Amino acid sequence: MPQVSVNIRMDRELKKEFESFCSEMGMSMTTAFTIFAKKTVREERIPFEIGFEYPNGQLLKAIENVEKGKNLSRTFYSVKDLMEDLDAGDSI
């Protein structure tokens, strides 16, 4: 069967880590992506769960900070007041 090239863009560090993983598994990135594509087509679905822990750690920390009244900004009653406060730290 004729083969074609597929270009995939990803973060440089992710690529490095994925190449390392594939190497440790004894396969190339091409083989890994081909396995993914074949399984996806065969099962007619993404062959793994996609999601995230909700609420995640960052959100839980933000909720905790609000409950404790930590790391909160002051209240603004107009956009003008907000913009003045934001600009106050600029040295330009």
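**Close-up 1. Phe18 in a predicted model.** Phe18 is partly exposed because its relative accessibility is 21%, the class between buried (under 20% relative accessible area) and exposed (over 50%), with a 1.4 Å probe and protein chains only. This is a predicted model, in which local features need pLDDT of at least 70 and side-chain atom pairs count only at pLDDT 80 or more, while totals for chains, interfaces and linings use all residues. Residues are numbered from 1 along each chain as its sequence is written, and side-chain values use heavy atoms, without hydrogens and water.

**Close-up 2. Phe18 and Phe21 in helix H1.** Both residues lie in helix H1, 3 residues apart, about one turn of the helix; helices are DSSP runs (H or I, at least four residues) numbered from the N terminus. Phe21 is partly exposed, at 42% relative accessibility.

**Close-up 3. Phe18 and Phe33.** These two form a tilted aromatic pair, 5.3 Å centre to centre with 55° between the planes. Rings of Phe, Tyr and Trp (its six-membered ring) pair if their centres lie within 6.5 Å; planes under 30 degrees apart count as stacked, over 60 as edge-to-face and the rest as tilted. The pair links distant parts of the chain, with Phe18 in helix H1 and Phe33 in helix H2 (residues 29–43), 15 residues apart. Phe33 is partly exposed, with a relative accessible area of 28%.

**Close-up 4. The aromatic cluster.** Phe18, Phe21 and Phe33 form one aromatic cluster. The whole structure holds 3 aromatic pairs. In one of them, Phe18 and Phe21 are stacked, because their ring centres are 6.5 Å apart and their planes are at 15°.

How values were computed. Helices (H or I, at least four residues) and strands (E, at least two) are DSSP runs, numbered from the N terminus.
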